[in-house]
Each structure stands twice: as structure tokens, then as C-alpha cells.
Amino acid sequence: MTIVPIRQPIDGRHRPMFIGGLWVEAASGQTFETRNPATGEIIATVPRGGRQDIERAVAAARNAFVGPWSRFKPHERQKLLLRIANLFERHWEEICTSDTTDMGLPIARARGNANRVLGMLRYYAGMATALHGETIENSLPGDIVSFTRKEPVGVVGAIIPWNAPTAASIWKIGPALATGCTVVLKPSEEAPLTPLLIAELMAEAGVPDGVVNVVTGTGAEAGAPLAEHMGVDKIVFTGSTLTGQSIVRASAGNLKRVSLELGGKSPVIVCADADLERAVPVAAMSVFANSGQICIAGSRLFVARSIHDEFVERLSAYAASLRIGNGIDPETEIGPLISPRQLERVEGYLRAGSEEGARLVTGGTRLSHGALAAGNFIAPTVFAGVSDTMRIAREEIFGPVISALPFDTLDEAVRRANDTPYGLAAGVFTRDLATAHQLSRRLQAGSVWVNTYHAIDPAVPFGGYKMSGYGREGGGEHLGEYLSTKGVFIRID
Ligand code: NAD
């Protein structure tokens, strides 16, 4: 069935999903609702895709991979990516509105991501014509030429969470298009609309049918069949560590390649010599941005004891000054959590913090007065007097909650910062160059930011150490994850 899709995904109407260049319904005919987390309103219904739909999407992706897409030259894939980037630029406001309405991201922040997302597309466009193998001298008898070829891995299953639908989709689709792979994207059931809009823009840019497919549905019904599908060559997953582990198990059937961007409990270390004017707002937004629904949230704040009390006071004043509300208002700095379920989860951590003896300095409650009543809002929260063993200091909260922990020596701070199963990111605030270098070496994390946070660039690898996952997104290594290396020997004597 072909349905002409609507452009504005915020008017309560139904949106089909995108398979093989067609806008289609789930084989089961079932649908589910998606809501605006700031108001609780139903903003659209989408197909509840399942195993049969995944089958169909994987078949479409395979046909495209072996068919017309395989004849696209690198410079044609480059041109296509540049066209997509230009189209995204023209429709950027629509993309931002979709993210804000479907998952609550404040529109000012969504707009601010333009350079990052458009930059990713243009970076991958550049890389499309830079792929190459090597000629390698061998020691074999006879006259044999040996070289490597880089070939696209094939059909890529991409599974993403709700918290950054645009960036997460592009971080998966961009390298696939650059390398000549095809994609079946399974967005989060909590925020499926922007990936559908992205599919529409890709089709408009001229991406051939079947190269990018989007199947909406739940993790169990659509995600799991994709992860275990024997016709999928690689899974690229962003989400929780628990789901990442089940993806690895599901991948065993055909030993498909897997890359994982998982959860975190990232430390931020504020040294006694830090520039507090800079450190306070950056440390605060390291965790409050997107209401804490960021994998790299700097949720464990280690502060040198000599400045601890002053820092906590300034941080709390900053937290209390943040403007909270519906993200569609350009003045809003903090939007809602994604769902009532996530709200309940974060409230559980607020209770656990107090019950385990942490001192609540600011926030700590749901906000439900006036216009906030129907949404999932939590006040930016600062706990002090936190010990390393408390749940709020150990578990990923994915909410606007920061725990301040004093330290006495840098050795101690590093040891405690590294004492976590996660290793996604870390922050350091210091004016001392040697401390900056030493800590960036010693912290076990895929990204270390000194005197800044959240810096992510398409050309710089991003990813996790330890249980925050493996594989990298961004940089040359990223493209390598979508390529297979073949060794070729040709006897010429
Ligand atoms: P989640 O793991 O619950 O879901 C992520 C995606 O996986 C969703 O699309 C979901 O439908 C799907 N899924 C769930 N169960 C599945 C299964 N058994 N098989 C296949 N797919 C399945 O995560 P979430 O709650 O949507 O997102 C929050 C988590 O994502 C946090 O832990 C956060 O740290 C992490 N995250 C990590 C990064 C990163 O780059 N490291 C970025 C953003 C979010």
C-alpha cells in the first residue's frame, strides 16, 4: 500500500512507516500512539511493526544492496549525502519541531545541534570518496601482487533510543550511505516521528528505494527480530547496557558484527584551581541538558574539598534559575522527561537519595503546577553529602540529578571516578596544563573533556570504554566499522 505521507508529524494523524520506498502499515495492522511529553497529548499514531515487517524491510535492504545501490560510485554517494545535508538544512526547523514535540528536547537546543548534524552528513559525504585499500608487499615465492579492498558490510540494522532521534539516526545512516551499505532503522517506540521525517527527506533527496528503511515498533517486537535476523550483517545499537547485552546474545546466530553505544555514569572532576565562572554552568548543563536524558550526563561531580561548599551553592543557584517548561518555547532551557514511566523511575532515585542519607540541596520533586501539570517535569536536582556506594552515585538515572562528592587528592579523585562499570565520558576543570594532561590520560572513558563538556565533532571518535560499549562513531574508525577488509593475491608471473 502506498500512502502519501504528511509532513507535519504533530497534528495527531497517523504516520505510516517506510519500507522499500513505500509508506506502509504493519502486517498485523496494529498501531501505537506517541505523545508529546510536555503536554501528554497524543500527537500521532504509527504502525506497530513486528517480525514480518522486519523480514520485509531486511529483504528490501538486501535487494537494494545487491541491486541498483551497488552500482553507485563513491562520488554519486557523496553527491547524495550532500543533497541530503542541504535538504536537512532547508527543513531544519521542521526537524527540530518534530524532536521537540515527540521527545521534549527544548527547541533552542535542537536548533543548536544544526552544525553537528549537518556537519556529520557533510563529513560522511567527504569520506565517501576517501575509502581505499592498500597495496602490501608480500614475501611469497613467485610474482604475486597483494592488496586489500574495502567492501561495504551489507545490510545494517540500526536500533536507537529516544533521547536524540535526529543525531542518532544520522550517526547510523550517514556512514552506511558513505560506504555503500543499506539500513533498517528501528527508532525508539517513545520517539518514532523524526526518523520517519528523516526517511521522507532522504527519499526526496534521491536515496534509492530500500537503501534506508524505517520500521516503527517496540524493542521486543521489532528490535529483537532485527538483532537476531540472519540476513542482517551488522547491528549498530545505541541504548541501555542491559539491552546492549541482549543484542550481543541475539547477534550470535549469524555472528553479525555489532557496535554498541551504551549507558554511562560519567564523572566530572572540579580541581581547586578551576575557573568557577566557567565550571559551574558547564558542570550543571553536563547533566541538566535534555533533562539529564543524555548518555554522557556528568552525574557524579567530584569537587576539591576546599571549594566544595562554594561550588555546590553556586551550582544549586544555577540549577534553580533554569527555565523549565514546554520545549517549544524558545526560552525553555529544561523540558520534560520522555514518559510517565521515566518520571516514576527518576522519582524513585530521588527517594533513594534521601533514604540513603544524601542531602537534597535543590530540586528533588516533580513539577506539576500550572502548565506543567500534564507533562513529565522534574526540577533540576542537586544532592550533596553523597557517598560512592549510594545508588544515586552508582546507577544511571537518566534524569536531571547530580551528586556532589568532595575529594582530597587527585589520585583519590581518579580512583573513585574510575570505580564504575561504565566508561563513556569524563570531565575535568583545571587551569593547570599538567593536571589536564595527566587526568585525561588516567580517566577510563571514551571521551574526556577539559574545561568544556559535550564537545562532539564528526571527525573525532566517540564511544565507550568498559560497559559503555564498543565501536566508535565519528572519525575514520567509524567508517571502518561499516566496511569489510578483503585480502587479494594475484599471481602475475
Ligand atoms: P533501551 O535500551 O531501552 O532502548 C533502546 C532501543 O532498543 C529502543 O529502540 C528499544 O525499542 C530497543 N530495544 C529494547 N529492547 C530490545 C531488544 N531486546 N532487542 C532489540 N532492541 C531492543 O534504551 P532507552 O531507554 O531507549 O535509552 C536510554 C539508554 O540509552 C540509556 O542507558 C543511555 O545511556 C543510552 N544512550 C547511550 C548513548 C551513547 O551514545 N552511548 C546515547 C544515547 C543513549
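Reader: Which residues lie nearest the centre of the largest cavity?

Author: In this predicted model, G292, A297, S299, I397 and F398 lie nearest the centre. They belong to a lining of 13 residues.

Reader: What makes this space a cavity, and what is its volume?

Author: A cavity is a set of points where a 1.4 Å probe fits but cannot get out. The largest cavity has a volume of about 70 Å³. The count of cavities of 30 Å³ or more comes to four.

Reader: How does the lining of the largest cavity divide by class?

Author: Seven residues are nonpolar, four are polar and two are charged.

Reader: Now the ligand. Which residues come nearest?

Author: K186, E189, S240, L262 and E396 come nearest, out of 28 residues around the ligand. By class, the shell has 13 nonpolar, eleven polar and four charged residues.

Reader: How much of the ligand does the protein bury?

Author: The protein buries 85% of the 850 Å² that the ligand exposes when taken alone.

Reader: Why is the ligand said to lie between domain 1 and domain 2?

Author: Because domain 1 (17-262 + 468-489) and domain 2 (267-458) both give residues to its shell.

How values were computed:
Residues are numbered from 1 along each chain as its sequence is written. This is a predicted model: local features need pLDDT of at least 70, side-chain atom pairs count only at pLDDT 80 or more; totals for chains, interfaces and linings use all residues. Side-chain values use heavy atoms; hydrogens and water are left out. A residue is near a molecule or strand if one of its heavy atoms lies within 4 Å of it. Accessible areas come from the Shrake-Rupley method with a 1.4 Å probe; for residues, only the protein chains shown count as cover. Ala, Val, Leu, Ile, Met, Phe, Trp, Tyr, Cys and Pro count as nonpolar, Asp, Glu, Lys and Arg as charged, and the others, Gly among them, as polar. Domain bounds come from an automatic or database domain assignment. On a 1 Å grid over the protein atoms alone, a cavity is a set of points where a 1.4 Å probe fits but cannot get out, and a pocket is an open set with protein on both sides within 12 Å along at least five of seven lines; lining residues have an atom within 4 Å of a point. Grid points are joined across faces, edges and corners, and a volume is the space filled by probe spheres set on the points.
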